[in-house]
Amino acid sequence: MSGWWACLEERTRREVDADVLRDRRLPAVRSVHDALRPLGLGLAEAERVVHARYEALADQVRRTPPDPLDAPSLAARAVALPGRVAAIEALWDGDTVHDWFVLLIAVLEDPDGEGHLATVHHRRDASPARAAAEAGRALAGHLGVPFHFPSPSVPDDQAPRWRAVARPAE
């Protein structure tokens, strides 16, 4: 690990380790970055410091289980949303910590909006795109609504959304 960890105050180290142990990577990175930015630490280096803490504490980290992707679990999340589900959508997103991942979204009407159903990261048995597509199709079929995945083969967080495709500009 770089010497940055030694530059942190003891209180900040405890906070970072507490976040790591609860598998709260982004708050840990934020704490490291906020504390050491005045000393010239960049965001990428803050991520490396936190990654090193994950490695050091690996056997103690309470990993957050992946979101369930079975149709009954996703349907329960969908019906709990504050609107009628009009479609299920799979969208690419990404960040410097997790790389690319896919979001499963319920597109809502009455009122218009959307609700997050699951985040699909890399899995041992399938790519995030394949796992999200299978789960999204199954859920859409279960709910009797369309499924939309505008870019299943290549990560693209700018691909056209379902509302743009379903309701072209008039």
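Predicted model: local features only at pLDDT ≥ 70, side-chain atom pairs only at ≥ 80, totals over all residues.
Me: What makes something a helix or a strand here?
Reply: Both are DSSP runs numbered from the N terminus: H or I over at least four residues for helices, E over at least two for strands. On that basis the protein has seven helices and four strands. From the N terminus on, their order is α-α-α-α-α-β-β-β-α-β-α.

Me: Why is the protein called more spread out than a compact globule?
Reply: The globule rule is 2.2 Å times the number of residues to the power 0.38, and the radius of gyration is taken over C-alpha atoms. For 170 residues the rule gives 15 Å; the protein comes out at 19 Å, well over that, so it is more spread out than a compact globule. Along the principal axes, the C-alpha atoms fill a box of roughly 55 × 35 × 30 Å.

Me: How do you know that the span of α3 agrees with what a helix should give?
Reply: The expected span is 1.5 Å times one less than the number of residues. With 12 residues, α3 should span 16 Å, and its end C-alpha atoms are 17 Å apart, so the two agree.

Me: Which residues of α4 are called buried?
Reply: Buried means under 20% relative accessible area, exposed over 50%, and partly exposed in between (1.4 Å probe, protein chains only). In α4 the buried ones are Glu45, Ala46, Glu47, Val49, Val50, Ala52, Arg53 and Tyr54. What covers them includes α1 (4-7), α2 (10-21) and α3 (25-36). Helix α3 has buried residues too, including Val29, Val32, His33 and Leu36, and the buried residues of α3 pack against α1, α2 and α4. Across the protein, buried residues make up 42% of the 170.

Me: What makes a set of residues a nonpolar core?
Reply: The members must be buried Ala, Val, Leu, Ile, Met, Phe, Trp, Tyr or Cys, joined through side-chain atoms within 4.5 Å. The largest such set has 26 residues, and Ile88, Leu104 and Leu117 have the most contacts inside it. At least two residues each come from α5 (71-79), β1 (84-95), β2 (99-109), β3 (113-120) and α6 (128-143). The largest share, seven residues, is from α6. Apart from this core lies another, of 15 residues, among them Trp5, Val29, Leu36 and Val61.

Me: Which residues does Leu117 touch?
Reply: Contact means heavy atoms within 4.5 Å. Not counting residues up to four places away in sequence, the partners of Leu117 include Leu74, Ile88, Leu104 and Leu139.

Me: Why is Asp110 called exposed?
Reply: Its relative accessibility is 62%, so Asp110 falls on the exposed side of the cut-off. Asp110 is in the loop between β2 and β3. Leaving aside neighbours within four places in sequence, Asp110 is in contact with Pro82, Gly83 and Arg84.

Me: Why does Pro82 count as exposed?
Reply: Pro82 has a relative accessible area of 64%, so the exposed label applies. Pro82 lies in the loop between α5 and β1, and touches Leu108, Asp110 and Pro111, with residues up to four places away in sequence not counted.

How values were computed
Residues numbered from 1 in each chain as written. Heavy atoms only, no water.
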